[in-house]
Amino acid sequence: MAETRSRALTTAFRRAADRRKDTDAQPDNDHDGLGRLTPQRAEVLRALRGCEDFVSAQVLHAGLLITGSRVGLSTVYRTLTALAEVGRADVVRDTNGERLFRYRPGADHRHYLICRACGLSSPVDSAAVEAWAERIAELSGFADVQHTVELAGVCPDCRTAD
């Protein structure tokens with residue numbers, strides 16, 4: 001299963017690299033709040049935007065290396081962390097506790113259902129969770145309340161593969 005996922009990621013990174021060659025060197029305004037957008041940070045941002053599912057910093061770095069990038073792993077970690085801090089990346093933890101990142105196309109906070117076997121992620125309607133979090137904040141008197149909700153299971157494809 002991991003080998004199949006690795007091959008799929010390699011293919012995805014190569015396709016994303018081909019698409020990036022056809023676009024401007026600078027990504028839209030996704031870097032607001034990141035400070036100076038260096039060419040390396042821009043490359044990490046573009047690579048993350050090219051990923052459809054959550055990805056670890058190490059896997060993103062490996063994908064960048066496959067496409068010929070010379071961005072260092074520490075730059076990938078710092079950029080992903082900064083993107084999460086300014087709301088341009090969602091973060092979840094896998095079963096081993098490793099942080100996984102996914103590009104957030106808008107400012108809205110999202111929740112996902114993630115397959116424990118293959119990593120497929122699907123956004124879910126989270127209106128009830130958001131309303132609950134707001135209600136708890138109001139009742140408790142707390143301000144600037146943040147929350148994390150992670151849903152994990154086994155997707156239909158992985159379930160039938162067993």
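Colleague: In which helix does Trp132 lie?

Modeller: Trp132 lies in helix α5, which covers residues 127-140. Helices are DSSP runs of H or I with at least four residues, strands are runs of E with at least two, and both are numbered from the N terminus. This is a predicted model, in which local features need pLDDT of at least 70, side-chain atom pairs count only at pLDDT 80 or more, and totals for chains, interfaces and linings use all residues. Residues are numbered from 1 along each chain as its sequence is written, and side-chain values use heavy atoms, with hydrogens and water left out.

Colleague: Why is Trp132 called exposed?

Modeller: A residue is exposed over 50% relative accessible area, buried under 20%, and partly exposed in between, with a 1.4 Å probe and protein chains only. Trp132 has a relative accessible area of 53%, so it is exposed. Trp132 also belongs to a nonpolar patch on the surface with Ile136 and Leu139.

Colleague: Why is Val124 called partly exposed?

Modeller: The relative accessible area of Val124 is 29%, so it is partly exposed. Val124 lies in strand β5 (residues 121-124).

Colleague: Which residues are in contact with Val124, leaving aside its neighbours within four places in sequence?

Modeller: They are His111, Tyr112, Leu113 and Leu151, where contact means heavy atoms within 4.5 Å. The C-alpha atoms of Val124 and His111 are 5.9 Å apart, although the two residues are 13 apart in sequence.

Colleague: What makes Phe54 and Tyr112 an edge-to-face aromatic pair?

Modeller: The structure holds one aromatic pair. In that pair, Phe54 and Tyr112 are 4.9 Å apart centre to centre, with 90° between the planes. Rings of Phe, Tyr and Trp (its six-membered ring) pair if their centres lie within 6.5 Å; planes under 30 degrees apart count as stacked, over 60 as edge-to-face and the rest as tilted. Phe54 is in the loop between α2 (39-49) and β1 (55-56) and Tyr112 is in strand β4 (residues 111-115), so the pair ties together parts 58 residues apart in sequence. Phe54 is buried, at 4% relative accessible area, and Tyr112 is buried, at 3%.

Colleague: How do you know that Cys118 is in no disulfide?

Modeller: A disulfide is a pair of cysteine sulfur atoms within 2.5 Å, and a search of the whole structure finds zero. For Cys118, the nearest cysteine sulfur is that of Cys158, 3.7 Å away, and Cys118 is in no disulfide. Cys158 is in no disulfide either, the nearest cysteine sulfur being that of Cys155 at 3.6 Å. Cys158 has a relative accessible area of 6%, so it is buried.

Colleague: What makes Asp90 and Arg104 a salt bridge?

Modeller: A salt bridge is a side-chain nitrogen of Lys or Arg within 4 Å of a carboxyl oxygen of Asp or Glu. The closest N and O atoms of Asp90 and Arg104 are 2.6 Å apart, and the two form a salt bridge. Asp90 is in strand β2 (residues 89-93) and Arg104 in the loop between β3 (99-103) and β4, 14 residues apart. Both Asp90 and Arg104 are buried.

Technical notes. Patch = residues over 30% accessible without salt bridge, like charges linked within 9 Å, V, L, I, M, F, W, Y side chains within 5 Å. Areas by Shrake-Rupley, 256 points an atom, 1.4 Å probe, with all protein chains shown as cover.
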